[in-house]
Amino acid sequence: MSLFLLLLLVAVVLGAVGLAAEGLFYLFVIGVLVLVADLVLAGVLLGRRRRPAR
């Protein structure tokens with residue numbers, strides 16, 4: 001869970017800096033990619049927990 005929150009924070013910071021600073025649009029793109037990777041990670045982790053125990 002802490003990895004999810006850390007990656008979410010990094011994505012928001014990179015996105016904000018990328019949009020605020022001129023010429024640093026690539027930081028915004030990297031922030032979006034980190035956000036997508038974070039959502040995939042969360043989906044994989046939640047998918048593992050939903051399986052019933054035998």
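Biologist: Which element gives the largest share of the nonpolar patch?
Modeller: That's α1, with three residues. This is a predicted model, where local features need pLDDT of at least 70, side-chain atom pairs count only at pLDDT 80 or more, and totals for chains, interfaces and linings use all residues. Residues are numbered from 1 along each chain as its sequence is written, and side-chain values use heavy atoms, leaving out hydrogens and water.

Biologist: Nice! Which residues make the nonpolar surface patch?
Modeller: L5, L8, V12, L35 and L39 make it, covering about 420 Å². Both α1 (2–20) and α2 (25–49) give two or more residues to it. Patch residues have over 30% relative accessible area and no salt bridge, and nonpolar side chains are joined within 5 Å. A salt bridge means a side-chain nitrogen of Lys or Arg within 4 Å of a carboxyl oxygen of Asp or Glu. Areas come from the Shrake-Rupley method with a 1.4 Å probe. Helices are DSSP runs (H or I, at least four residues), numbered from the N terminus.

Biologist: And L35, where does that lie?
Modeller: In helix α2. L35 is partly exposed, at 33% relative accessible area; buried means under 20%, exposed over 50%, and partly exposed is in between.

Biologist: New topic: how many aromatic pairs does the structure hold?
Modeller: One. F25 and F28 form a tilted pair, 5.5 Å centre to centre with 35° between the planes. Ring centres must lie within 6.5 Å; planes under 30 degrees apart are stacked, over 60 edge-to-face, and the rest tilted.

Biologist: How far apart are F25 and F28 in helix α2?
Modeller: They are three residues apart, so about one helical turn separates them.

Biologist: Is F25 buried or exposed?
Modeller: F25 is exposed, at 52% relative accessible area, while F28 is partly exposed at 26%.

Methods
Patches are made of residues with over 30% relative accessible area and no salt bridge: like charges are joined within 9 Å, nonpolar side chains (Val, Leu, Ile, Met, Phe, Trp, Tyr) within 5 Å. Buried means under 20% relative accessible area, exposed over 50%, partly exposed in between (1.4 Å probe, protein chains only). Rings of Phe, Tyr and Trp (its six-membered ring) pair if their centres lie within 6.5 Å; planes under 30 degrees apart count as stacked, over 60 as edge-to-face and the rest as tilted.
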